[in-house]
Amino acid sequence: MKDIQPPHLDQTRVRQSFRRGLESYHGAASVQAEIASQLAQMLQAQGAPRHFGSVLEFGCGTGHLTRQLLQRFGADSLILNDLVPEAAQVLRTLDSTAAAQSRFAAGPIECLPLPHQLDLIASASTVQWIPGLPALMARLTNHLKPGGWLALSGFGRSQFRELAALGSDAAAPSYLDADEWPAALPEDLEILQIEQRPVVLEFDSALHLLRHLRRTGVNGNAQQGWSRRQLRSFEDAYRERFGRGGKLPLTYDPVLLAARRTG
Ligand SMILES: C[S@@+](CC[C@H](N)C(=O)[O-])C[C@H]1O[C@@H](n2cnc3c(N)ncnc32)[C@H](O)[C@@H]1O
């Protein structure tokens, strides 16, 4: 498998960036909202049961995927996790039945104590922030029951390709294309469906584009602070290379998968 880790990921910066963006994230993250809806649909289309025993969702953020799952599936118990402790607010957005069955656990999913025998592990738009995905996926799979389900989305290597081409350091550490996922998963996890579906947003100016990134917290690994001159030269370079019809395109490259533990 190709090397998927950059030399360094500052998780404190990722946490600060998502914490700062938490208030604005829900409304601004239109692409992630659509991904969450498609991921829950994919799980349903693959024949997942209407009711699960115990469920873990990691990187829950403001609950785009949580709500999509709860609209389609029931659960006896639901653990919601996020790196950002303030994401515990998501519990307040659930109806009283779901809230009573749910608890929030803060911290990096890589080292969170987990119950064994989970029936479903789900996560949308989060794994790209985690270096060493094969190790994480092996650990998570160990906590799934045989026959347990996984519903996951990340982003492929064309994620924010315009920013990468212009030398931005905002990239997350683990972008994987659909054809790279099988090598990142343990052998006892069978992929039922995997889809890579790029989406292009358009912005009127570099300022609008950067504001979108800040509101969604997705530039968590980037240096902060731009001078007016830096902004102008960034906008000029962006327009020259990628501008179309007066707009600045920004590519999202979601990869969605549904899988089951076989053994
Ligand atoms: C782009 S948001 C996605 C939120 C939500 N799942 C959605 O679909 O809208 C990514 C979330 O992952 C969280 N996150 C990043 N690294 C994490 C880690 N190592 N463990 C748990 N959560 C993490 C961030 O705090 C953020 O809330």
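1. Helices (H or I, at least four residues) and strands (E, at least two) are DSSP runs, numbered from the N terminus. By that convention, serine 125 belongs to the loop between β4 and α5. The structure is a predicted model, in which local features need pLDDT of at least 70 and side-chain atom pairs count only at pLDDT 80 or more, while totals for chains, interfaces and linings use all residues. Residues are numbered from 1 along each chain as its sequence is written, and side-chain values use heavy atoms, with hydrogens and water left out.

2. Serine 125 has phi near 55°, a positive value in a residue other than glycine. The residue is buried, with a relative accessible area of 10%; buried means under 20% relative accessible area, exposed over 50%, and partly exposed in between (1.4 Å probe, protein chains only). Phenylalanine 160, which is not a glycine, also has a positive phi, of about 50°. Phenylalanine 160 sits in the loop between β5 (144-155) and α6 (161-165) and, at 5% relative accessibility, counts as buried.

3. The axes of helix α1 (residues 11-28) and helix α8 (residues 206-216) come within 6 Å and cross at roughly 110°. Axes are lines fitted to C-alpha atoms, for helices over the stretch in contact, and angles run from 0 to 180 degrees between N-to-C directions. The helices α1 and α8 are therefore roughly perpendicular to each other (angles under 35 degrees count as roughly parallel, over 145 as roughly antiparallel, 65 to 115 as roughly perpendicular and the rest as oblique). Phe18, Gly21, Ser24, Tyr25 and Ala28 of α1 make the contact with His212, Arg214, Arg215 and Thr216 of α8, where contact means heavy atoms within 4.5 Å. The residues of this contact of α1 with α8 comprise three nonpolar, four polar and two charged. For these classes, Ala, Val, Leu, Ile, Met, Phe, Trp, Tyr, Cys and Pro count as nonpolar, Asp, Glu, Lys and Arg as charged, and the others, Gly among them, as polar.

4. Helix α8 also packs against α9, at an angle of about 100° and with the axes 9 Å apart. The helices α8 and α9 are therefore roughly perpendicular to each other. Ala206, Leu207, Leu209 and Leu210 in α8 meet Leu231, Phe234, Glu235 and Tyr238 in α9. By class, the contact of α8 with α9 has seven nonpolar residues, no polar ones and one charged.

5. How many aromatic pairs does a search of the whole structure find? The search finds six; rings of Phe, Tyr and Trp (its six-membered ring) pair if their centres lie within 6.5 Å, and planes under 30 degrees apart count as stacked, over 60 as edge-to-face and the rest as tilted. Phenylalanine 18 and tryptophan 129 form an edge-to-face pair, at 5.7 Å centre to centre and 85° between the planes. Phenylalanine 18 lies in helix α1 and tryptophan 129 in the loop between β4 (118-123) and α5 (133-142), so the pair ties together parts that are 111 residues apart in sequence. Phenylalanine 18 counts as buried at 19% relative accessibility, and tryptophan 129 is buried with a relative accessible area of 7%.

6. The ring centres of phenylalanine 234 and tyrosine 238 are 5.5 Å apart and the planes lie at 75°, so this pair is edge-to-face. Both residues lie in helix α9 (residues 228-242), four residues apart, about one turn of the helix. An α-helix has 3.6 residues a turn, so residues three or four places apart point the same way. Phenylalanine 234 and tyrosine 238 are both buried. Elsewhere, Phe155, Phe160 and Tyr252 form one aromatic cluster.

7. Aspartate 95 lies in the loop between β2 (74-82) and α4 (96-101). A polar atom of its side chain lies 3.1 Å from the backbone nitrogen of threonine 97, and the side chain of aspartate 95 reaches the backbone nitrogen of alanine 98 at 2.9 Å. These are polar contacts, each a pair of N or O atoms within 3.5 Å; within protein, one must be able to donate a hydrogen and the other to accept it, and residues adjacent in sequence count only if both atoms are side-chain atoms.

8. Aspartate 119 is placed in strand β4 and counts as buried at 14% relative accessibility. A polar atom of the aspartate 119 side chain lies 3.4 Å from the backbone nitrogen of glycine 53.
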